[in-house]
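Here is a friendly walk through a protein model, written for someone who likes cut-offs stated plainly. Please have a look at the sequence and the coordinates before reading on.

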Amino acid sequence: MADSNVENIKSQMRKGVLEYCILGLLKRGDYYATTLIADLKEADMIVVEGTLYPLLTRLKNQGLLSYRWEESPQGPPRKYYALTEKGYEALADMDAAWNGVIQSIEYIKNR
């Protein structure tokens, strides 16, 4: 398989689990978008603001996230995102689905 094709597949896989990763990070507590990006990059889930903000808006519109504004010691107020009760439920559903996918992949690989 050509290197560019492998990179494309890896990129598509990351995009497919990005929502799950965001909810997983927010389970730890409230996050500022810049901190979300930094943590996702640290985990090698490369994300840019242009990808993250529309996703955060969609998750908020689905009722999975809420946000609050907080004054910043430097610059304008910051928007902090948090999981809602519905967000915690969605994350639990995603956890179960993820475990099922892993089991299926392991079954196929080890067959």
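Predicted model: local features only at pLDDT ≥ 70, side-chain atom pairs only at ≥ 80, totals over all residues.

Residues are numbered from 1 along each chain as its sequence is written, and side-chain values use heavy atoms, with hydrogens and water left out.

**The sheet and the helix across it**

Let us begin with the strands. Helices (H or I, at least four residues) and strands (E, at least two) are DSSP runs, numbered from the N terminus. Three strands form an open sheet in the order S1-S3-S2, with antiparallel pairing; two strands pair if DSSP finds at least two bridges between them. The edges are strand S1 (31-32) and strand S2 (65-70), each of which pairs on one side only. Between S2 and strand S3 (residues 78-83), the antiparallel pairing runs over six bridges. Within this part of the model, Arg68 stands opposite Tyr80 in S3.

Helix H1 (residues 3-26) lies across S1, S2 and S3, and runs at about 95° to S3. For that angle, axes are lines fitted to C-alpha atoms, for helices over the stretch in contact (heavy atoms within 4.5 Å), and angles run from 0 to 180 degrees between N-to-C directions.

**Salt bridges**

How many salt bridges does a search of the whole structure find? The search finds four, where a salt bridge is a side-chain nitrogen of Lys or Arg within 4 Å of a carboxyl oxygen of Asp or Glu. Among them are these:

| Pair | N to O distance |
|---|---|
| Glu19 and Arg58 | 3.1 Å |
| Asp30 and Arg68 | 2.4 Å |
| Glu70 and Arg68 | 2.6 Å |

Take the Glu19 and Arg58 salt bridge. Glu19 lies in helix H1 and Arg58 in helix H3, so this pair ties together parts that are 39 residues apart in sequence. Is Glu19 buried or exposed? Glu19 is buried at 18% relative accessible area, whereas Arg58 is partly exposed at 38%. Here buried means under 20% relative accessible area, exposed over 50%, and partly exposed in between (1.4 Å probe, protein chains only).

Now for the Asp30 and Arg68 salt bridge. Asp30 lies in the loop between H1 and S1 and Arg68 in strand S2, so the pair ties together parts that are 38 residues apart in sequence. Together with Glu70, these residues are linked in a network of salt bridges. Its members are partly exposed: Asp30 has a relative accessible area of 43%, Arg68 has 33% and Glu70 has 32%.

**Two residues to look up**

Asp44 has a positive phi of about 65°, although it is not a glycine. You will find Asp44 in the loop between helix H2 (33-42) and helix H3 (49-61). With 45% relative accessibility, Asp44 counts as partly exposed.

Met13 lies in helix H1 and counts as exposed, at 57% relative accessibility. The C-alpha atoms of Met13 and Met45 are separated by 9.8 Å, and the two residues are 32 residues apart along the chain.
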